[in-house]
Protein chains: 2
Amino acid sequence: MKKNILIVGAGGVAQVVAHKCAQNNDVLGDIHIASRTVEKCRAINDSVHEKKALKQPGVLEAHELDARDIEATKALIGRTGAQIVINVGSAFINMPVLSACIATGAAYLDTAIHEEPDKVCETPPWYANYEWKRREECETAGVTAVLGVGFDPGVVNAYAALANNDYFDRIDSIDIIDVNAGSHNRWFSTNFDPEINFREFTGQVWSWQDRKWTSNRMFEIRKEWDLPVVGNSQTFMTGHDEIHSLSQNLDVPDIRFWMGFGERYITVFTVLKNLGLLSEQPVTTAEGLEVVPLKVVKAVLPDPASLAPHYEGNTCIGDLVKGEKDGKERELFIYNVSDHKQAYEEVGSQAISYTAGVPPVAAAMLIADGSWDVKKMVNVENLDPRPFLGILNRIGLPTRLREGDKDIALDFA
Amino acid sequence: MKKNILIVGAGGVAQVVAHKCAQNNDVLGDIHIASRTVEKCRAINDSVHEKKALKQPGVLEAHELDARDIEATKALIGRTGAQIVINVGSAFINMPVLSACIATGAAYLDTAIHEEPDKVCETPPWYANYEWKRREECETAGVTAVLGVGFDPGVVNAYAALANNDYFDRIDSIDIIDVNAGSHNRWFSTNFDPEINFREFTGQVWSWQDRKWTSNRMFEIRKEWDLPVVGNSQTFMTGHDEIHSLSQNLDVPDIRFWMGFGERYITVFTVLKNLGLLSEQPVTTAEGLEVVPLKVVKAVLPDPASLAPHYEGNTCIGDLVKGEKDGKERELFIYNVSDHKQAYEEVGSQAISYTAGVPPVAAAMLIADGSWDVKKMVNVENLDPRPFLGILNRIGLPTRLREGDKDIALDFA
C-alpha cells in the first residue's frame, strides 16, 4: 500500500493527471505538483479548485523543481512524503526522475520514452537504450517502475495483453491505430509540445515485421481504416514507443503503429523537415546568433494548451488484432473513443491530453492498493490488464470491442 | 566624365558587377569592392583574376566597410578616388550610401528600393517613402543618382521607355513578366538573399490599375503566359519596385508585375508565412532566447551563391506592352533571355545574379562617358534607353522583340 502523489510537469497532460488524482484523492492521498515554472503548477491547482475536483478535503500543493537535479527531486519526495511519482514532464527528464525514485523507494510512472535533447530516434528497441539498463537497479531496490503508462504507449499495451490472454490462442499481427478526428480551428497546430511532436517523426520509422526490425521513411507507407465513430481515416506507419516493448514481450510476428495525419500536417511537416527547421542541432544566423531551429518553430506555433476551449470532435485509438482462436481465424479491434469537448468540460484539457493523462492515475490507484505494486521495472503488458481497464472504464476511458458486426462495451468487473 | 568604381556589397550580384567592371576597366578605371566581410571581397577579386577578366592591367582592391557608417563610406570614396558608386549591398544601406555620395559628389547607382529592417512593403509609391524625398538634395549638389538600375527594376523600365518613345502613340497596359525556368537541383532555395526574397512577398501586392493603386494578397491572382524559349509559364501578380516609378513617370493606366513561381515555392512560402516563420519581429523561445524567425529561415536555407555551379536552364524577363500606333492596335513583348550555365561560365554566378549585375555596369559606363551623367536623381525611364540597351546588347544582355509571328533581335547602333 502506497500513497501521496508527486506529479512532475505542468503541461496539458499534468493538468489532466492533477484533476484525476483530485477526483480520487480518497485512494491517492496528498497531491503535489512540481515544475520549473511554479506558476504553471499554481494555475493547474486553481483549475482543480474551480472545478471542485477534490473528492474529499486534502492537500494540493505547487512546488518549483528542476527535475534534472536528482538531489532536489529526492529532497522534494522526502519533504512531501510522496510514495508515487507520476512523471509527465519533458521526455528529457525521465532518467533523473527515475534515479530520485530509486534512491527514495518511491514508485515511478511515466508516459513516454526517455530522450536526450541532442539525439533523435535511436536504435531499436528504444527501451534498451536507457530504461531497461536500469531493471536490475529497480529490482534490487524493490522499486516499482511502470514505463509508458499513458494511452499509447500504455492502454494500447494493456489491450494487446488482454487480446493475448483472453481472445487468441495465436496472434499474427497487432496494428495500433491512433486517429484524432478533432478540429481545433487553427491553420496549424501540434496537439502537444511541438518539439516532442516533431521529434517523433524526424527519424526512421521502426516497425516489427516478420519478427524483425524494419525501417521506413516517415509518410512512406499509408493505409486507410474504417474506424468506429470517426469513420474512414488516413494514417501513416509511424515509429512509436509501444512497438519497442510489445515486440520483446509478446510472441507476435507483426506489430505496427499507424497515426492519422491530415494533408495540412503532412505539408507543414514536409516543408519544415526538408528546410532543416526541425533540426535539434544549432545553426548560426548571419548576425552570429546560435539557435536551435526546432525551438524557434515551437516558439511561433500555438501553445497546444490554448486549443482546448475550441476543440471539437473525437479521438479513436485502439489495437486491431489478427490471429487464431479455437482453430478459427479471428480479427478484432479493441479501442476507446474520446470526445474533445467533454474532456475540456471535465478537466479543462482536450482529448489528446485526456487520453494520455488518465491512465497513469489509474496505474497509481493500482499501486496504491497494491495490485500493481510489483517492486520492479515493467512495461504495461507485463501486468494484468483487467484491473487497469476496469478502473479506466469507471474514470473516463471506457474500452470497447468491435468484431465483425458486433461492437460492445467491455466489462472487467 | 567620371571614373573609378566603388562597388558596395560582396554577394552574388556584386560578383557579376566586379567581373563586368573588370571587363570594361578601360572605360571605368580603378575598381574597389567594399563589404563588412572583406574576405568575401577578396574571394570576388580572386575569381576576377582567375577568369582573367581585367581588360587591361589596373587597380582591383578589397576594403572592409560598414556601409551604414556614412563617415566611413565618405572616407573610402575619398581614399579611392571613386567617382561612381555601385551599391549592390543589402537593401537596408541605400540611404546611408546615398548620403555619402551626396557629400562627396560621387554618382550613385542601386538596383532595388531602400528598406528599413523592421518594416515591410509600405504605402505606394514606394520611392516616395525614402528616395524621392532626397531629389532636391541631389539636384542642389549636382549628384547623379540612378535608382533601380538592375534588370527589374532597371532594364524593364528602359523597355517601357523604348516602347513609349518608339513603338506606341498610346500605351494601355504594361505587364512586366519575370520567369526563371532554371533548375538548381535543390529541394528548395531562394535565388537571392532569402530575407530580401521573402520580404518582397509578405506584404500587400500593389499594382497600378485604371490609374489607381490596387491591393491584392500574394498568390491571389494567377496568370499563364506563353513566353519565348521558356514556354508556357505560371506567374502570380506580385508587388515590385518598377510599378512605383513607371506609374508616376509614364501615362499608362495599367502597370502590373508578374513573377513565375513553381508549386514548391508556393507551398514553402505558404507554410512559412502562415506559421509566422517569415516574421521580421522577434519571438522568444522557451529557453528565453530572443530571435527573428526570418533570420533563422535564412540560416537554414542554402546560400544562393552555392547554387550557381549546378544551375541549368533560362530566365525570361520582359515587358508585354499593349496600346495603339498609327491608329492600329498593337501588342509586343520586349525581352531578354539569359542562360544560367553560360552566366556561370563567364562570371561564376547564375543568371539571376547576372541579369541584376550587368545593367548597373552599363549605366556606370554611360555615366563615365557623360551621356547619363545627369547630375540629379532619376529612375531609368527618365533617361534615354537606347544607349543603355545598346551597351547591354554588347556586354551580355541582348534585347529581343516579339510581335505576332515576328521575333527579332533589336539593334541600337
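Chain A is divided into domain 1 (5–151 + 350–395) and domain 2 (155–347 + 398–409), the bounds coming from an automatic or database domain assignment. The model is predicted: local features need pLDDT of at least 70 and side-chain atom pairs count only at pLDDT 80 or more, while totals for chains, interfaces and linings use all residues. Residues are numbered from 1 along each chain as its sequence is written, chains are lettered from A and ligands numbered from 1 in the order in which they are written, and side-chain values use heavy atoms, with hydrogens and water left out.

The C-alpha centres of domain 1 and domain 2 of chain A lie 22 Å apart. Their contact (heavy atoms within 4.5 Å) takes 42 residues from domain 1 of chain A and 47 residues from domain 2 of chain A. The two domains of chain A bury about 3800 Å² between them, 62% of it on carbon and sulfur atoms; buried area is the accessible area (1.4 Å probe) that two parts lose on being put together, summed over both. A:Phe151, A:Gln350 and A:Glu381 supply 21% of the area that domain 1 of chain A buries against domain 2 of chain A, more than any other three residues.

Between these domains of chain A there are 2 salt bridges, a salt bridge being a side-chain nitrogen of Lys or Arg within 4 Å of a carboxyl oxygen of Asp or Glu. The side chains of A:Lys20 and A:Glu346 meet in a salt bridge at 2.6 Å, N to O. On the domain 1 side of chain A, α1 (12–23), α13 (351–368) and α14 (385–395) each supply at least two residues that touch domain 2 of chain A. Helices are DSSP runs (H or I, at least four residues), as are strands (E, at least two), numbered from the N terminus. The largest share of this side, 6 residues, comes from α14(A).

Between the chains, 27 residues of chain B are in contact with 27 residues of chain A. The area buried between chain B and chain A is about 2200 Å², of which carbon and sulfur atoms give 83%. B:Trp187, B:Leu275 and B:Val300 supply 27% of the area that chain B buries against chain A, more than any other three residues. The interface of chain B and chain A holds 2 salt bridges. A:Lys295 and B:Glu287 meet through their side chains in a salt bridge (2.9 Å, N to O). Elements of chain B that each supply at least two residues of the side touching chain A are α10 (263–275), β13 (283–284), β14 (290–291) and α11 (293–300).

Over all chains the count comes to 48 salt bridges. In chain B, B:Lys74 forms a salt bridge with B:Glu71, the closest N and O atoms being 3.3 Å apart. Both residues lie in helix α4 (residues 70–80) of chain B, 3 residues apart, about one turn of the helix. B:Lys74 is partly exposed at 27% relative accessibility, whereas B:Glu71 is exposed, with a relative accessible area of 52%. Buried means under 20% relative accessible area, exposed over 50%, and partly exposed in between (1.4 Å probe, protein chains only). B:Arg134 and B:Glu137 also meet in a salt bridge (3.0 Å, N to O); B:Arg134 counts as buried at 14% and B:Glu137 as partly exposed at 35%.

B:Cys41 is placed in helix α3 (residues 38–50) of chain B and is buried, with a relative accessible area of 0%.
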